[in-house]
Structures are given as structure tokens and as C-alpha cells.
Amino acid sequence: MSKVLALSFGRKMSNTDVFLKEVLLKCQEAGHEIKFMRPDDMDIKPCTGCCACVVGILSGRTNGTCIHKDDFQQISDAYYEADAIIIGAPVYETSPSGTFKTFCDRMGPSHDVAFMTEAKKERLERGIELLPPDNVFKPHIGCLVAVGGAMTENWTIMTIPVMYESMMSAGVDVIDTHVYYGAMETEHILGVPKEMERADRMAQNIIDALASDNEEDLKKWRGDGGYACPVCHQSMFRVHEGTDRVECAICGIEGKVLIDGHRVHYEFSEEEQARSRMRYAGKLEHRNEIAHGAMTQKKVENLKALKEKYLHVGE
Ligand SMILES: Cc1cc2nc3c(=O)[nH]c(=O)nc-3n(C[C@H](O)[C@H](O)[C@H](O)COP(=O)(O)O)c2cc1C
């Protein structure tokens, strides 16, 4: 038996909630333990940007403790305890709704598996007793769901790519994603059998993955085809005008554009794929640049005096 957690950022008992609850019910029928949480109904304060979490991890003093004392710890505990995590958000202005971003910022550096792994190694070497909990390092799989009211998928375009943020930090392998668009056409998803069937298919993907006897099979992509990036299975690129290069917005990896008649293809080398920020090597690259660059930053002389000019501008 595994643990399956769903986090919904939609309205209570509306489309996102019910899509996720349908996935959970199927997982429960298959014998898994389920949990459903609505961060919008909890006290989740926005990140203040103080970086105490990162400093705590790098110094060996904490496991990423936040200065806020709110309900976030409950979500964090459930997230780490789960084997599979499904996150659903409504589309607001082509992107996920606001609390979702607050949740990602709070997950951010404080849950980074590369920071945690390096911290564990260093602490064992230095004889520091406080180690990150074991469930930080167990494999987690994830699914993402976006629900848009507009009649075209076009108006949901940035939602799933942005939602990868919620899986990136803790190193969760996303195995399926789905966009339910046109949700305003029908009063409720319970009147849209095609979408309820898609929820059942997502549940089956989770059940199949959790039945795997090896990590490679557990983590493999089980969602739909038609994507251009072989790592995140999405197609959101930055195009470098005048070159044959593209950059995956989610993974941060660079690919080459290949033109075959009127068709365009994208090629990502094995080296680039390995350094995706969805994979460990990419996270470690970032962890090292922060640990060696940002934590030993250059000082600015007379900063207080220099700031004086800007202190009350526009007030
Ligand atoms: C502020 C706001 C902005 C929205 N922007 C979009 C949008 O850009 N694209 C879209 O497809 N739907 C948009 N919608 C519609 C919601 O995505 C839709 O109502 C959805 O069903 C909400 O999910 P829920 O029913 O689970 O709460 C917007 C709704 C609101 C309230």
C-alpha cells in the first residue's frame, strides 16, 4: 500500500476538486491510502524572501525551517510522506491561480533535494546530528491537472509548464499531466464523462507506476504523447532568434532545431537531458552556484548611504 496525496487550488467541490477526488477514489479502490488538502482553506503565508531556509540548510542549523509559523508544515509533511502527489489548479489569466504560486515559493529552496542531499553528506562528515528526514530522499511521483474555463486550450497555455514548479524542488518525477479546458461550457465536471474518464486514466497511471518493482519503471512517463521535450514531456520553449537553438522553459536545457522539409524537430543531447532542472544533476548545478556564488556575495561599499537617495521615492 502506498500513500497518494492530492492538493487542489480550485474552488471547493468545483471542477478541480472533483477531478482530483475521482483520481483519489480510484487509487483508494486499488488499496492505496489517500489524503486531500486545499491550501486555499489553510493559513499559508507568502514567502518573505528572507532565505533563512537556504541559510539553515547550508549552515547545518536547520532542515529548511521557515520563519512563518502557519499551516504550511502540514502540507510539507504530507508531501514528503506521500509516494504519489497530484496537484490541480484552475487557470487564471493563462496561469495557475495565486495560492499555487505562494505554495511553490514556500516549497522552493527549502525542499530542494540537491541542497538536502549535499547537506546530509556534509553533516555526516562534520558530525552534525541534525540530518534531513529519510522521506526527503525516497522516490516521489507526481501528476499535474489544470482546469480552464475558456473554450480553447490556447487560454490555458502557461498553466501546466508553471505547475512543474511544484514538483521541481523536491525532485518529484511527473508521470502524467492533463488540461481540462472548456470547463465553463458545462455546469460541473460531473456532467462531462470524457473528463471523468481521463481522471480514471490518471489514477490507473498512478496505480501502474506504484506497482513497479524498479525505480526506472516507477518514474517513467505515462501521460499523453505529442510533446517536444524528452525530459518534461511538454513543449514550452524559448526560441533564440537567428540561431538553431531552443531552450526548454521547464527543464532549462538547450536543444537544436532540425528542419525536415516543412516539419520542425528538436534534438536534445544526452548531456543536456541529464542537466535538466527536473533531474538531480541540474538541481546540483544550481545548488552549487548558490552555495559558492550567492552565499559568498560581493559587498557594496557605503550601501546604506547609497540607498538613502531611493528611500522615500514616490511616497
Ligand atoms: C480571475 C479568473 C481568471 C480566469 N482566467 C482564465 C483563463 O485565462 N483561461 C481559462 O481557460 N479560464 C480562465 N478562468 C476560468 C477558470 O479557469 C474556470 O472557472 C475553472 O473552472 C476554475 O476551476 P474550478 O472550477 O476548479 O474552480 C478564469 C477565472 C477567473 C476567476
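1. Start with isoleucine 86. Leaving aside residues up to four places away in sequence, isoleucine 86 touches Ala6, Leu20, Val23, Cys143 and Val145. The model is a predicted one.

2. Where does Ile86 belong? Ile86 is among the residues with the most contacts inside the largest nonpolar core. Phe19, Val23 and Cys232 share that standing. The core has 67 residues. At least three of its residues come from each of domain 1 (3–224) and domain 2 (225–315).

3. Now the whole chain. The protein chain has twelve helices and ten strands. Its C-alpha trace spans about 65 × 50 × 50 Å along the principal axes. The radius of gyration is 21 Å, which agrees with the value near 20 Å that a compact globule of 315 residues would have. Of the 315 residues, 37% are buried.

4. Contacts across the sequence come next. Take the contacts in the protein chain between residues at least 6 apart in sequence. Of these, 67% join residues at least 24 apart.

5. How is the chain divided? Domain 1 covers 3–224 and domain 2 covers 225–315. Their centres, taken over C-alpha atoms, are separated by 22 Å. In the contact between them, 16 residues of domain 1 meet 17 residues of domain 2.

6. Look at the domain 1 side of that contact. The elements giving two or more residues to it are α2 (52–59), α5 (113–126) and α6 (159–163). The largest share, four residues, comes from α5. By class, this side has eleven nonpolar, two polar and three charged residues.

7. Next, the ligand. Which residues come nearest to it? Of the 19 residues around the ligand, these are Gly10, Pro90, Gly148, Gly149 and Ala150. The most comes from β3, with three residues. The shell has nine nonpolar, eight polar and two charged residues.

8. Cysteine 251 deserves a look. Cysteine 251 sits in the loop between β8 (245–248) and β9 (254–260). Not counting residues up to four places away in sequence, cysteine 251 touches Cys229, Val231, Cys232, Ser276, Arg277 and Met278. One of these, Cys232, is also among the residues with the most contacts inside the largest nonpolar core. Proline 230 is 21 residues from cysteine 251 in sequence, and the two are 9.9 Å apart in space, C-alpha to C-alpha.

9. Check the backbone at two residues. Most residues other than glycine have a negative phi. Threonine 94 is not a glycine, yet its phi is positive, at about 70°. Threonine 94 lies in the loop between β3 and β4 (95–96). With 14 other C-beta atoms within 10 Å, threonine 94 is partly exposed.

10. Asparagine 302 is placed in the loop between α11 (280–292) and α12 (303–308). Why does asparagine 302 count as exposed? Asparagine 302 has 8 C-beta neighbours inside 10 Å, and a residue is exposed if that number is 12 or fewer.

Notes
Residues are numbered from 1 along each chain as its sequence is written. This is a predicted model: local features need pLDDT of at least 70, side-chain atom pairs count only at pLDDT 80 or more; totals for chains, interfaces and linings use all residues. The radius of gyration is taken over C-alpha atoms; the globule rule is 2.2 Å times the number of residues to the power 0.38. A residue is buried if 20 or more other C-beta atoms lie within 10 Å of its own, exposed if 12 or fewer, and partly exposed in between; C-beta atoms are placed from the backbone. Two residues are in contact if their C-beta atoms, placed from the backbone, lie within 7 Å. A nonpolar core is a set of buried Ala, Val, Leu, Ile, Met, Phe, Trp, Tyr and Cys residues joined through C-beta atoms within 7 Å. Domain bounds come from an automatic or database domain assignment. A residue is near a molecule or strand if its C-beta atom, placed from the backbone, lies within 6 Å of it. Ala, Val, Leu, Ile, Met, Phe, Trp, Tyr, Cys and Pro count as nonpolar, Asp, Glu, Lys and Arg as charged, and the others, Gly among them, as polar.
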